[in-house]
Amino acid sequence: MIPIAPRVRRPAVAGSFYPGVADNLRAEVEAQLNAAIEADLPPVRALIVPHAGYRFSGPVAASGFRQLTSRESGGLPTIFLLGPAHHYPVRDVALAPYDRFDTPLGSVPQKKQVVEDMLRDPRMYQPIASAHDPEHCLEVELPFLQMVLGDFDLVAMLCGRTDIDRVASDLAVRVGPDDLVIVSSDLSHFYAYDQARRLDRFFLEAVLAGDFEQAAQGEACGLQSILILMRLAQMKNWRPTLLDYRNSGDTGGDRFRVVGYAALAYTD
C-alpha cells in the first residue's frame, strides 16, 4: 500500500511579513523577545497578540510571548490559536484540515483528535482550507511559539460571527491545565495617530474590565476571537493584564493612518 502523504499548510507570508530564511527569522524573533520585558505574573493561560508584519507589530507581540519563556509545563501543550479570516468569509469557526503547519523553523502538528472531535458539531465548526491557505494572522504567531515553547500541538481556528458563548463553553471543556489560548488580533485600523489611541484605549479599558458589552462596540479585526476569550476567561476566572500597547506610528510607520497593536496576558 502506498502511504498517503500528510496534508501540510505551507507558509503564505514567509519572506514578506517575517523573514523567510530560518536563521534570519530565528535571529529576529530572538532579538524581539530579548528586548521585551518579562513581567512578574502568575501562570499565563491566554494571550492577545497582534499579527502585522514583524517590523510593525513584532515588538508588541514579543511582549506577550516573552511571558511564556519561563513557563513550566507538565506535558506537551496544545495551543488553541484563534484569529479572524481576512481573505475568506467565515460564518462560524473555520478549522484547518491539515496535519501540520509549516514555517521556516519547522513543522507544527495539529492536534488531530481534538480537531476531529470539534468537527462533530457542524453548527460551530467547519473544515475550510480556503480560509486558512492565504491567512497570515495565525501563521505569524507560530515562529514566536516555536521559539518560546519548542514542541507543542496546534488547533488553528478562524472565527467569524459565531455564537460566542457556545464556542467559549466548548473551549472551557477542551482547554487543559497545560494548554494555552492565543488570540491573534490587531486593534483599530487607519485612523490618525491620536484618534487611534483614543479608540484603542476605550477598547482596551473594556477588555481589562471584563465589560463584554462595551468591548463588543470596540474596533479590532479579531473582535470575535477576543470576545470568545473574554467569555472563556469569565468561566475560568482568568484575569487580564495589559503588557504593551503601541501602534504602527510608534514602531515604524507614518502617523496619518495607523494600526493599533496590544499584548495582553490572562492569568489565574
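1. A residue counts as buried when its relative accessible area is under 20%. Cys 159 falls on that side of the cut-off, because its relative accessible area is 8%. Please keep in mind that this is a predicted model.

2. Staying with the cysteines, Cys 137 is buried as well, with a relative accessible area of 0%. The closest cysteine sulfur to that of Cys 137 belongs to Cys 221, and at 7.4 Å it is too far for a bond. Cys 159 takes part in no disulfide either: its nearest cysteine sulfur, in Cys 137, lies 8.8 Å away. Across the structure, the number of disulfides is 0.

3. Helix α7, spanning residues 193–209, packs with helix α9, residues 223–236, at an angle of about 25°, and their axes are 10 Å apart. The two are therefore roughly parallel. The crossing of α7 and α9 is left-handed.

4. Which residues of α7 and α9 meet? From α7 come Phe 203, Ala 206 and Val 207, and on the α9 side they meet Leu 223, Ile 226 and Met 230. The contact of α7 with α9 comprises 6 nonpolar residues, with no polar and no charged ones.

5. One loop residue also deserves a mention. Gln 67 sits in the loop between α2 (54–65) and β3 (78–83). Is Gln 67 buried or exposed? With a relative accessible area of 8%, Gln 67 is buried. Leaving aside residues up to four places away in sequence, Gln 67 touches Ile 37, Glu 38, Ala 39, Leu 41, Val 44 and Leu 243.

Key:
Residues numbered from 1 in each chain as written. Predicted model: local features only at pLDDT ≥ 70, side-chain atom pairs only at ≥ 80, totals over all residues. Heavy atoms only, no water. Axes fitted to C-alpha atoms, helices over the stretch in contact; angles between N-to-C directions. Helix = DSSP H or I, 4+ residues; strand = E, 2+ residues; numbered from the N terminus. Parallel < 35°, antiparallel > 145°, perpendicular 65-115°, else oblique. Left-handed = near helix turned anticlockwise from the far one by under 90°. Contact = heavy atoms within 4.5 Å. Nonpolar A, V, L, I, M, F, W, Y, C, P; charged D, E, K, R; others polar. Buried < 20%, exposed > 50% of the residue type's maximum accessible area, 1.4 Å probe, protein only. Disulfide = S-S within 2.5 Å.
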